[in-house]
Amino acid sequence: MARRSLLWILSLAALIVAYTLVARAISRPDVVPPAEDIAGAFAALLGRGHQLPASDMPAHHHHSSDQVDTLTQEGVTLQASLAVTTARVLFGLVVGLPLGMLMGLLMGWSRRADDYLHPIYVLIRSVPPLSLITYIMLWLGHSEAHRLIPVVYAVAVTAVIPTYHGVRDVAGKYVVAARSLGARGRLLLIKILLPAAAPAVLGGLRYSIAIAWMTAVGAEMLMAENGMGNLLVGGGMWSSRLQTRSDPAVIVVGILALAAAGWAMDMLARTVSARLTRWAT
Amino acid sequence: MTANASPPLLEALDVSYTYSGLTPTRALEDLSLEVKENEFLAVLGPVGCGKTTLLRIFAGFLRPTKGSVRCAGSSIDGPGWQRGYVLQEQAIFPWMTVRENLEFGLLAKGVAPAARRAVSDQFLGLIGLSEFESAFPKELSTGMSKMVEVARVLATDPALLLLDEPFGALDAQTRARMQDALAGLWERRRKTVLFVTHDVEEALYLADRIVVLSPRPGKVKAHFAVDLPRPRSVETRFSTGFLAVKRKVWEATGPGP
Ligand SMILES: Nc1ncnc2c1ncn2[C@@H]1O[C@H](COP(=O)(O)OP(=O)(O)OP(=O)(O)O)[C@@H](O)[C@H]1O
Ligand SMILES: [Mg+2]
């Protein structure tokens with residue numbers, strides 16, 4: 001275990017050194033910001049410069065740029081942005097997973113439900129989640145709804161197929177055995193159908209998580225004044241974004257933070273899955 | 001024999017079954033069969049002749065295309081614990097421990113935990129898997145899993161046992177051990193058993209009577225009574241009585257002249 005984490009740190013250090021060398025060789029700070037700029041942007045975005053008014057900060061002590069200034073003026077920090085996006089992702093998972101699983105269960109369980117629902121499902125699934133934003137705004141104006149609903153929708157649509165196959169392809173023989181032992185209704189659902197489908201559903205969960213992050217950040221980039229998507233496009237509403245020059249260091253910090261968050265959540269999902277399906281080989 | 005006087009527990013009358021599809025398959029045709037109470041009946045037949053189809057009809061998962069099936073006097077309408085069914089494929093619940101598997105039928109019946117435990121204790125002892133009570137099925141061998149499946153069905157105390165080639169995937173030695181275990185269970189608590197196999201010797205060793213099915217579409221081709229004394233043992237397998245019936249069954253099942 002210790003050996004593995006040591007290797008991990010070594011490879012990370014090697015990556016940083018390699019990046020610094022490449023950045024220096026390419027010498028295009030507008031697209032490949034030097035590592036110290038990234039570190040500076042990281043510190044600034046953690047809210048280090050926020051205690052002082054931005055104008056009082058000597059530029060050579062702190063990493064400063066249009067985008068960082070806009071963000072700090074708006075009180076945007078990396079940790080708050082990440083927290084908001086994580087909350088949207090979790091909301092999407094908590095609401096979307098049961099919806100998608102319910103549909104998958106129905107379609108996997110009943111041939112008739114499959115016949116009716118499958119074509120409808122394919123139609124619905126073909127709508128890109130972000131294309132819903134403007135339509136939701138027609139109904140509800142500028143609100144949290146058009147950031148949450150696309151995430152819920154994307155998660156639900158992704159969860160259907162693994163559940164469907166888990167129930168239809170795996171559960172069959174166990175359902176036959178259980179019904180011959182007298183099981184019906186809720187017992188059949190909870191003790192047989194759900195556990196039989198669990199490995200497939202939990203495998204699908206990893207895709208749902210990835211999709212939830214993509215959709216949440218996308219929605220934020222388009223229409224939000226907080227979250228990681230907002231941080232990436234430099235804060236402010238679209239009108240002012242056109243005037244803000246993007247800072248490559250901020251964008252790289254945002255991308256790295258999203259990568260780390262996605263990795264952490266996938267790790268968590270895998271740990272939980274392994275715990276829940278200890279019985280499987 | 002007293003068994004001859006009692007009415008059949010299970011009967012199929014002129015049963016036909018056709019699987020619909022692009023090329024409809026006639027699996028069974030005009031099959032009639034009776035199983036008496038507490039009788040151990042073995043069904044022998046070549047691959048694909050409709051043995052599993054017949055069991056699924058008796059278990060209540062398929063409805064005959066033609067003809068009727070009755071159990072204990074009433075027509076079979078859907079599955080139920082009174083007709084315990086052990087599938088041909090592995091269907092031990094992998095997410096439950098051995099004990100939970102054994103108790104599942106009782107849980108479905110609404111039996112209290114203490115009473116469930118008493119029954120599972122008894123069956124754990126009978127199949128010799130007491131140390132494995134809290135193991136998950138992945139830790140069991142194929143043969144052990146199958147014994148758990150058979151015991152799981154017996155634990156609910158059904159009137160009828162439908163077993164579909166339970167020892168089909170085992171090596172000869174394990175197979176013989178499992179046969180002895182099953183025969184032991186059966187002699188201790190008599191049940192009506194319908195046992196599907198394509199192993200002539202297995203049928204002879206276990207059954208009171210053997211029914212041989214014809215190739216697809218399956219119908220009854222021949223009957224044999226197996227009047228060998230119980231309990232049966234290795235000696236039984238080499239007795240002249242055993243070999244005499246074996247020759248007759250062999251001639252009926254073989255390709256023939
Ligand atoms: N679900 C199904 N759909 C269509 N045809 C089927 C289906 N199940 C079985 N059949 C066909 O019905 C026939 C009888 O099948 P069945 O499974 O009852 O045979 P079996 O005697 O149990 O064979 P085995 O000894 O291999 O287990 C076979 O020809 C098979 O192809
Ligand atoms: Mg079969």
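Student: In which sense do β1(B) and strand β4 of chain B pair, and over how many bridges?

Tutor: Some ground rules come before the answer. This is a predicted model, in which local features need pLDDT of at least 70 and side-chain atom pairs count only at pLDDT 80 or more, while totals for chains, interfaces and linings use all residues. Residues are numbered from 1 along each chain as its sequence is written, chains are lettered from A and ligands numbered from 1 in the order in which they are written, and side-chain values use heavy atoms, with hydrogens and water left out. Strands (E, at least two residues) and helices (H or I, at least four) are DSSP runs, numbered from the N terminus, and two strands pair if DSSP finds at least two bridges between them. Here β1(B) and β4(B), residues 66-71, pair in the antiparallel sense over 5 bridges. One of the residue pairs is Leu10(B) with its bridge partner Cys71(B) in β4(B).

Student: Which way do β1(B) and β2(B) pair, parallel or antiparallel?

Tutor: β1(B), residues 8-19, pairs with β2(B) in the antiparallel sense, over 8 bridges. Glu11(B) has Glu34(B) as its bridge partner in β2(B), and Ala12(B) has Leu33(B). The hairpin of these strands has 5 residues between them, and Gly21(B) takes a positive phi near 150° there.

Student: Why is one side of β2 and of β5 of chain B left without a neighbour in the sheet?

Tutor: Start from the strand order. The open sheet has 4 strands in the order β2-β1-β4-β5 of chain B, with antiparallel pairing. β2 and β5 (74-75) of chain B stand at the edges with a single partner strand each, so one side of each has no neighbour in the sheet. As a general idea for the faces, side chains in a regular strand alternate between the two faces of the sheet.

Student: What is the strand order in the open sheet of 6 strands?

Tutor: The order is β6-β7-β8-β3-β9-β10 of chain B, and the pairing is mixed. β6 (83-86) and β10 of chain B are the edge strands, each pairing on one side only. On average, neighbouring strands of this sheet are turned by 15° against each other, direction ignored. For such angles, axes are lines fitted to C-alpha atoms, for helices over the stretch in contact, and angles run from 0 to 180 degrees between N-to-C directions.

Student: Which pairings does β9(B) make?

Tutor: With β3(B), residues 40-44, β9(B) pairs in the parallel sense over 4 bridges, and Leu44(B) has Val212(B) as its bridge partner. With β10(B), residues 220-225, β9(B), residues 209-213, pairs in the antiparallel sense over 5 bridges. A hairpin of 6 residues joins β9(B) to β10(B), and Leu213(B) has Val220(B) as its bridge partner.

Student: Where does helix α4 of chain B lie?

Tutor: Helix α4(B), residues 142-155, lies across β6 and β7 (160-164) of chain B and runs at about 170° to β6(B). Helix α5(B), residues 172-188, packs on the sheet and touches β3, β7 and β8 (192-197) of chain B, where contact means heavy atoms within 4.5 Å. The direction of α5(B) makes about 165° with that of β8(B).

Student: Which residues come nearest to ligand 1?

Tutor: A residue is near a molecule if one of its heavy atoms lies within 4 Å of it. Of the 14 residues around ligand 1, Gly48(B), Lys51(B), Thr52(B), Thr53(B) and Gln88(B) come nearest. α1(B) gives the most to this shell, with 3 residues.

Student: Which polar contacts does ligand 1 make with Gly48(B) and Glu165(B)?

Tutor: A polar contact with the ligand is a pair of N or O atoms within 3.5 Å. An oxygen atom of ligand 1 is 2.9 Å from a polar backbone atom of Gly48(B), and an oxygen atom of the ligand lies 3.3 Å from a polar side-chain atom of Glu165(B).

Student: Where are the cis peptide bonds joining Arg216(B) to Pro217(B) and Arg230(B) to Pro231(B)?

Tutor: Omega is the angle to read. For the bond between Arg216(B) and Pro217(B), omega is about -5°, and Pro217(B) is in the loop between β9 and β10 of chain B. The bond between Arg230(B) and Pro231(B) also has omega of about -5°, with Pro231(B) in the loop between β10 and α7 (234-238) of chain B.

Definitions and conventions
Polar contact = N/O pair within 3.5 Å; in protein donor to acceptor, adjacent residues only side chain to side chain.
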